[in-house]
Each structure stands twice: as C-alpha cells, then as structure tokens.
Amino acid sequence: MDRGEPEDVPDGTSHEDRPAEEAFRRAWEAPRIGRIFSVGDASTILLPEDSEVRSIRDHIAAAVLLQESGPVDETSRREWLASAAAERNLRAVTLFELEVLVSGSREGDV
C-alpha cells in the first residue's frame, strides 16, 4: 500500500489547497449556523446552462455580501430579488419572496 503524497481530487483541487478551502468553508459557515437559506424550489429542478452559471454565482455572492453586513433592509432585499428573478433557475423562489415582501405576509399568516 502506497503511503506517499495524496492524489489531487477530481475537481482539480490539490491536496495542498484542501486545508485552506476547509478553513474558508468553516469560516463562512460559522456565522450562518442556525439560519435557514432558500436556494431553490424543491418542486422544480433546472440544470443551469453553461451561460447561466456565472450569473447565478454572482447573485449568490451578492446575497452573501448583503447578509454579512448584518440585517438586510427591505429596499436592498427587493432589489436583489428583482435582479435574481431574471434568472430562470432562481425565478420561482424569488418571485414568491417578492410577493411576500409586497404583500407583507406569507400564506397562512394571520
């Protein structure tokens, strides 16, 4: 059995990069423990086209930046949701969230 250097993983990440990636992931996750994130519509699975991936990542990065700065004001949330609704893969959830923002209540709220 070879106990030499570990092989690079299939995604192209070398074994030297893994500790830094793990540290980044843990630092990113720590302030989010216990928070709920909606990242898709469970009733619909859409695989993004190659041309859509960058824009989806940009929207997610923008959401993370908004949340890292503390509570997100309604105007910023509405602007992000309207922008994300233009994305086919984000539309179902963001349109629902926009409706909630505009109406001020969720279905079943009294």
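Start by selecting Ser55: at 22% relative accessibility, this residue counts as partly exposed. The scale runs from buried (under 20% relative accessible area) through partly exposed (in between) to exposed (over 50%), with a 1.4 Å probe and protein chains only. Ser55 sits in helix α2.

**Before going on**

This is a predicted model, where local features need pLDDT of at least 70 and side-chain atom pairs count only at pLDDT 80 or more, while totals for chains, interfaces and linings use all residues. Residues are numbered from 1 along each chain as its sequence is written, and side-chain values use heavy atoms, with hydrogens and water left out.

**Zoom out to the whole protein**

Show the protein as a cartoon. What secondary structure does the protein have? It has four helices and zero strands. Along the sequence the pattern reads α-α-α-α. Helices here are DSSP runs (H or I, at least four residues), strands likewise (E, at least two), numbered from the N terminus.

Switch to a surface. The protein exposes about 8800 Å², and carbon and sulfur atoms supply 56% of that area. Such areas come from the Shrake-Rupley method with a 1.4 Å probe; for residues, only the protein chains shown count as cover. Of the 110 residues, 16% count as buried.

Next, think about contacts (heavy atoms within 4.5 Å). Take those with a separation of 6 or more: residues 24 or more positions apart account for 48% of them.

**Colour by confidence**

Colour by pLDDT, the predictor's confidence in each residue, from 0 to 100. The average is 75, and 67% of the residues score at least 70. Which helix has the lowest confidence, and which the highest? Helix α1 (residues 18-29) is lowest, at a mean of 80, and α3 is highest, at 90.

Select residues 1-6. Their pLDDT stays under 50, and the model has two contacts for them beyond four places in sequence. Where pLDDT is low, the predicted coordinates should not be read in detail.

**Select α2 and α3**

Pick residues 50-68 for α2 and residues 74-84 for α3. Two packed helices are described by the angle between their axes and the distance between the axes. Here the angle is about 170° and the axes are 11 Å apart. Axes are lines fitted to C-alpha atoms, for helices over the stretch in contact, and angles run from 0 to 180 degrees between N-to-C directions. So α2 and α3 are roughly antiparallel to each other, a label for angles over 145 degrees.

Show the side chains at this contact. From α2 come His59, Ala62, Ala63 and Leu66; from α3 come Ser76, Trp80, Ser83 and Ala84. By class, there are five nonpolar, three polar and no charged residues. Nonpolar covers Ala, Val, Leu, Ile, Met, Phe, Trp, Tyr, Cys and Pro; charged covers Asp, Glu, Lys and Arg; the others, Gly among them, are polar.

Click His59 in helix α2. Is His59 buried or exposed? His59 is buried, with a relative accessible area of 10%. Leaving out residues up to four places away in sequence, His59 touches Trp80, Ser83, Ala84, Glu87 and Leu90.

Move to Val64, also in helix α2. Val64 counts as buried at 16% relative accessibility. Leaving out residues up to four places away in sequence, Val64 touches Trp28 and Arg32. The C-alpha atoms of Val64 and Trp28 are separated by 9.4 Å.

Finish at Val53 in helix α2. Val53 counts as partly exposed, at 26% relative accessibility.

Notes: Angles under 35 degrees count as roughly parallel, over 145 as roughly antiparallel, 65 to 115 as roughly perpendicular and the rest as oblique.
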